[in-house]
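Here's a protein model to explore, with its sequence alongside. Take a moment to turn it around, and then we'll walk through a few of its features together.

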Amino acid sequence: MDVAGRVAVVTGGGAGIGAAIAGALVERGVRVVVTDIDADAVEEVAAGLDRRTPGAVAALSGDASSAAHIDAAVALAEERFGAVSLYFANAGIAGGPGLEATDEQWSAALDVNVLAHVRAARRLVPEWISRGEGYFVSTASAAGLLTQLGSATYSVTKHAAVGFAEWLAVTYGDQGIRVSCLCPMGVDTRLLRPGDIDDDSSAQLMQRAVESAGEVLTPEQVADDVMAGIADERFLILPHPEVLTMYRHKGSDYDRWLRGMRRLHQGLAESGRGE
């Protein structure tokens, strides 16, 4: 898809990958509604983009997992700019750590990391089919292809996000619906480095696992990869190319991969105890 002149909605756009994607879209001639649960942050991002390209951005605060918020974002885009052609389901949360995660943390992670994607697709795909085109971009994670040491909520919900994106691509790909699934490893965002990480060993292990797995990219580097992936209409967008090698190793010998992950988990746990 040539994105120039299109209209997009980007959730989780108050910082990090979402803000960088919004900026990359505006640079390419896209008009964008950027949303985030943090009203001040999303207004600041929108104001900064508007100074660069006046009239190309609108901001909306709210919960990306809410069907009412999704409806409001689409309605705002239609009112300001026209029909939505691209939807970036980018908002995400870590949830809780291991088995200690509460039911409330599980519910929140499932809502934001998975059901937000389902609700957005439910809202947009029928009209995209009638128009013969539309593009859905799911921000998952390398954790959705591999796993996330230290966080069951994050690992499980990101696997589910990848699974839903696959299902969308299979079910509607022949009806003009393009789907991409973004699966980076470490990215320098508040999700990786919240600044107030507690003393919980699982939370610290999760952070060490991501930071030691490979290069920690900037959100802008990831956004450039997203734009290239959309231009190629590529399903898997892997800012860290080594993820594909890891994924192939996992699939070729699952038990060997699990043994290796257990060794990594043990090594990271021991290094944490030694600090």
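Let's start in helix α5 (residues 152–172), where you'll find both Phe164 and Trp167, three residues apart, or about one turn of the helix. Helices here are DSSP runs of H or I with at least four residues, strands are runs of E with at least two, and both are numbered from the N terminus. Before going further: this is a predicted model, in which local features need pLDDT of at least 70 and side-chain atom pairs count only at pLDDT 80 or more, while totals for chains, interfaces and linings use all residues. Residues are numbered from 1 along each chain as its sequence is written, and side-chain values use heavy atoms, with hydrogens and water left out.

How buried are those two residues? Phe164 has 15% relative accessibility, so it counts as buried, while Trp167 has 45% and counts as partly exposed. The cut-offs are under 20% relative accessible area for buried, over 50% for exposed, and partly exposed in between (1.4 Å probe, protein chains only). Other buried residues in α5 include Thr153, Tyr154, Ala161 and Leu168. The helix has 21 residues and reaches 30 Å from its first C-alpha to its last, close to the 30 Å expected at 1.5 Å a residue. That expected span is 1.5 Å times one less than the number of residues.

Rings of Phe, Tyr and Trp (its six-membered ring) pair up if their centres lie within 6.5 Å; planes under 30 degrees apart count as stacked, over 60 as edge-to-face, and the rest as tilted. By this rule there are four aromatic pairs. In one of them, the ring centres of Phe164 and Trp167 are 6.0 Å apart and the planes sit at 15 degrees, so this pair is stacked. Together with Tyr172, Phe164 and Trp167 make one aromatic cluster.

Now hop over to helix α9 (residues 254–273), where Tyr254 and Trp257 are also three residues apart, about one helical turn. Their ring centres are 5.9 Å apart with planes at 85 degrees, so they're edge-to-face. Tyr254 is partly exposed at 47% relative accessibility, but Trp257 is buried at 13%.

## A strand covered on both faces

In a regular strand, the side chains alternate between the two faces of the sheet. Strand β4 (residues 86–89) has Leu86 and Phe88 on one side, Tyr87 and Ala89 on the other, and all of them are buried.

Which strands pair with β4? Strand β1 (residues 7–10) runs parallel to β4, joined by three bridges, and strand β5 (residues 134–139) also pairs with β4 in the parallel sense, over four bridges. Pairing takes at least two bridges found by DSSP. Tyr87 is the bridge partner of Val9, and its partner in β5 is Phe136. Between β4 and β5 the chain passes through helix α4 (residues 103–131), making a right-handed β-α-β crossover. Right-handed means that, with the strands pointing away from you, the path from the first strand over the helix to the second runs clockwise.

## Two cysteines, no disulfide

A disulfide is a covalent bond between the sulfur atoms of two cysteines. Here it is counted when two cysteine sulfur atoms lie within 2.5 Å, and the count comes to zero. Cys181 is in no disulfide, and its nearest cysteine sulfur, that of Cys183, is 3.9 Å away. Cys181 is buried, with a relative accessible area of 0%. Cys183 is buried too, at 0% relative accessibility.
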